[in-house]
Amino acid sequence: NKLPELTKNSIMGQLALKEIEEQEDRRDLLKRTSIGNASPNFIRKNISGDMVELANYKNKTFVLLDFWASWCMPCLKEIPKMKEVYKKYNEKGLTIIGISLDRVKDSWSEAIRKYNLNVWPQILSSETNEKDEKENNLSYLYNCDAIPFYVLIDKEGRIVMLTRLYNPEEFASLVKKIDGLLE
């Protein structure tokens, strides 16, 4: 704001302003998706066409958001572990929601069929193919910058745990946290 108008209106000034605004958005996003904060709500159609709304699980179950994609080899490698988590904890009050970063719906649906992932709700992170669209993209909303990525949400709708990258120790820590909450 202290720069002269000529500088602010220049191409470099406009680029600097855009960068500052993006950094402020990212800081706000990090605050919003911090442990202890309320989880951002979303509504999406699942692979079967039924509506999935995160708020519907509040005061009912814990929720584990599983960000993945059909083209992500570490994600596909985690499927047996996720099935074990589902098998052990679903009846004890854990709901898993798969959130795919796939942009090609056929690849997404084929992976769900091939790996038998329709046991829990499967939705797309973005319902459009617009790369720059942010507000409607769950990976942006949850600050997911690498997959697999997991978000554990308690019954009150607060974020309890985030795992940002594939790491066997972090996955074990996630399972231990779920175990402690549900056992």
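Predicted model: local features only at pLDDT ≥ 70, side-chain atom pairs only at ≥ 80, totals over all residues.
Buried means under 20% relative accessible area, exposed over 50%, and partly exposed in between, with a 1.4 Å probe and protein chains only. Helices (H or I, at least four residues) and strands (E, at least two) are DSSP runs numbered from the N terminus. In a regular strand the side chains alternate between the two faces of the sheet. Leu94, Ile96, Gly98 and Ser100 point one way from strand 4. Thr95, Ile97 and Ile99 point the other way, and all are buried.

Residues are numbered from 1 along each chain as its sequence is written. Local features need pLDDT of at least 70 and side-chain atom pairs count only at pLDDT 80 or more, while totals for chains, interfaces and linings use all residues; side-chain values use heavy atoms, without hydrogens and water.

The protein has 6 helices and 7 strands. From the N terminus on, the order of elements is α-α-β-β-β-α-β-α-β-α-β-β-α. Of the 183 residues, 42% count as buried. Contact means heavy atoms within 4.5 Å. Among contacts between residues at least 6 apart in sequence, 67% join residues at least 24 apart.

An open sheet of 5 strands has the order 5-4-3-6-7, with mixed pairing. Strand 5 (122-124) and strand 7 (159-163) stand at the edges, each with a single partner strand, so one side of each has no neighbour in the sheet. Neighbouring strands are turned by 20° against each other on average, direction ignored. Two strands pair if DSSP finds at least two bridges between them. Strand 3 and strand 4 pair in the parallel sense over 7 bridges. Within this pairing, Asp66 has Gly98 of strand 4 as its bridge partner. Strand 3 (residues 62-68) and strand 6 (residues 149-153) run antiparallel and are joined by 5 bridges. Here Leu65 stands opposite Val151 in strand 6.

Helix 4 (residues 105-114) packs on the sheet and touches strand 3, strand 4 (94-100) and strand 5. The direction of helix 4 makes about 165° with that of strand 5. Helix 6 (residues 168-182) lies across strand 3, strand 4, strand 6 and strand 7, running at about 160° to strand 7. Axes are lines fitted to C-alpha atoms, for helices over the stretch in contact, and angles run from 0 to 180 degrees between N-to-C directions.

Several loop residues were also examined. Glu91 lies in the loop between helix 3 (73-89) and strand 4. Glu91 is exposed, with a relative accessible area of 77%. Glu91 and Thr61 are 30 residues apart in sequence and 9.9 Å apart in space, C-alpha to C-alpha. Asn59, in the loop between strand 2 (51-53) and strand 3, has phi near 65°, a positive value in a residue other than glycine. At 58% relative accessibility, Asn59 counts as exposed. Asn116 lies in the loop between helix 4 and strand 5. Phi of Asn116 is near 50°, again a positive value in a residue other than glycine. Asn116 is partly exposed, with a relative accessible area of 43%. Pro148 belongs to the loop between helix 5 (138-141) and strand 6. The peptide bond from Ile147 to Pro148 is cis, with omega near 0°.
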